[in-house]
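These are my notebook entries on a structure I looked through residue by residue. The model comes first, and my entries follow.

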Amino acid sequence: MSPVLEIADLKRIARRRVPKLFFDYADSGSWTESTYAANEADFRDIKLRQRVAVDMTNRSVATKMIGRDVSLPIALAPTGLCGMQRADGEILAAQAAEELVIPFTLSTMSICSIEDVAEHTKAPFWFQLYVMRDKDFVRSLIDRARTAGCSALVLTLDLQILGQRHKDLRNGLTAPPRLTPKHLWQMATSPVWVAAMAKTQRRTFRNIVGHAKGVSDMSALHSWTAEQFDPQLSWSDVEWIKDYWGGPLILKGILDPEDARMAINTGADAIIVSNHGGRQLDGAASSIRVLPEIVEAVGDKIEIHFDGGIRSGQDILKAKCLGAKGAYVGRPYLYGLGAFGKDGVHKMYDILKTELDITMALCGERDIENMGRHNLYSVFGEKVEHGPAASSAA
Ligand code: GLV
């Protein structure tokens, strides 16, 4: 077997091991997938500034995200149906995150519940909230997150209505999968997945099932989001949710400087510059393309996090150089899980860390905290001006 050296290797193996309908759920964007593609492609338009003859000993890639120590500037992103990439996926990923000293964010649309994850981990995790029409249910989710010891709430603002992902509709995505001949074949050809799934009872949306009222078909994502999610979500909801939660709040899905300014007014602790991995508004700009203008608009007033298109340690560094405090990785860890379970999440981390660390050294830096625009040669074709004072390698 060829060695696993990059995130693309994990993706290739996950594609072989995970039933197609679940692999495709992770590997999809909405409509033409142009924003999904741009999230990754636009990183290539940022060029690094190489420096030489600089002492590279004693490097540090550790930092903080909303005051929490992280061994690498990443958090595991909230991802729906993580427990369908591998049995008990959320528990495995949260345990890996704890071992790696990075935050794990549990999605509302997870397979394992808040309680399942809390029972199997010690480090506090973050909980991602969707705002439903049923506000009692929203409050009960927040209560459950608080009881579980979650240390931050990540409120998603860009999914009041689900973007259409053609692959999911073509595949007939449900959790658990329906036992049609097509799905049975996909499972029959995924023996590693089936063997692990046979050992768990956690196969449906356990944050919702038995907790929310009036969902007619919980297995089908598009129908229950349409029924349950609140299309009237507004900035005043953000305010009451902040008050009700009472802890650190991170607003996810900000892609516009004007919205970033609105986010400041809510008193949130951080924003995530994000287009939901290209899964919502197809045709929106890539996250990395808008990061600089959002940093310029609000970077001195709120901590800025980033997600969308991170496939290497270099991508994390580029986002960091453009002003993000940290980045969320979603698909990379899902591919790790699908390929090798918990070990695959560790593998993903090792790949990203090695890439980030070597890149930092070759840019002439020893501490990730010192990296900034001065480490970039050009951004989207525009050369970064470097005054003599910016030189750290002289
Ligand atoms: C849920 O967050 C999704 O993008 O499917």
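**Entry 1: His276**

I began with His276, which touches Tyr130, Thr156, Asp158, Leu159, Arg165 and Lys252, not counting residues up to four places away in sequence; contact means heavy atoms within 4.5 Å. I note that this is a predicted model, in which local features need pLDDT of at least 70 and side-chain atom pairs count only at pLDDT 80 or more, while totals for chains, interfaces and linings use all residues. Residues are numbered from 1 along each chain as its sequence is written, and side-chain values use heavy atoms, with hydrogens and water left out.

I placed His276 in the loop between S9 and H13. Helices (H or I, at least four residues) and strands (E, at least two) are DSSP runs, numbered from the N terminus. I found His276 buried, with a relative accessible area of 10%; buried means under 20%, exposed over 50%, and partly exposed in between, with a 1.4 Å probe and protein chains only. The side chains of His276 and Tyr130 are joined by a polar contact of 3.4 Å. A polar contact is a pair of N or O atoms within 3.5 Å; within protein, one must be able to donate a hydrogen and the other to accept it, and residues adjacent in sequence count only if both atoms are side-chain atoms.

**Entry 2: The record**

I looked up UniProt, where an unreviewed entry lists His276 under "active site". Under "binding site", UniProt (unreviewed entry) lists Tyr25, Arg165, His276 and Arg279. The lining of the largest cavity includes Tyr25, Arg165, His276 and Arg279. A cavity is a set of points, on a 1 Å grid over the protein atoms alone, where a 1.4 Å probe fits but cannot get out; lining residues have an atom within 4 Å of a point. I keep in mind that such annotations may be inferred rather than shown by experiment.

**Entry 3: The ligand**

Which residues are around the ligand? I listed Tyr25, Met109, Tyr130, Arg165, His276 and Arg279, each with a heavy atom within 4 Å of the ligand. I then checked polar side-chain atoms against ligand oxygen atoms: one of Tyr130 lies at 2.6 Å, one of Arg279 at 2.8 Å, and one of His276 at 2.9 Å. Taken alone, the ligand exposes 190 Å², of which the protein buries 95%; accessible areas come from the Shrake-Rupley method with a 1.4 Å probe.

I located Tyr25 in helix H2 (residues 20-26), where Tyr25 is buried at a relative accessible area of 5%. Its contacts beyond four places in sequence include Arg165, Leu221 and Arg279.

Arg279 sits in the loop between strand S9 (270-273) and helix H13 (287-298) and is buried at 9%. Among the residues that Arg279 touches are Tyr25, Ser30 and Arg331.

Ser28 lies in the loop between H2 and helix H3 (34-41), and its relative accessible area is 0%. A polar side-chain atom of Ser28 lies 3.1 Å from the backbone oxygen of Asp24.

**Entry 4: Backbone**

I recorded a cis peptide bond between Ala175 and Pro176, with omega about 0 degrees. Asp88 has a positive phi near 55 degrees and is buried at 18%. Val101 has a positive phi near 60 degrees and is partly exposed at 44%.

Definitions and conventions:
On a 1 Å grid over the protein atoms alone, a cavity is a set of points where a 1.4 Å probe fits but cannot get out, and a pocket is an open set with protein on both sides within 12 Å along at least five of seven lines; lining residues have an atom within 4 Å of a point.
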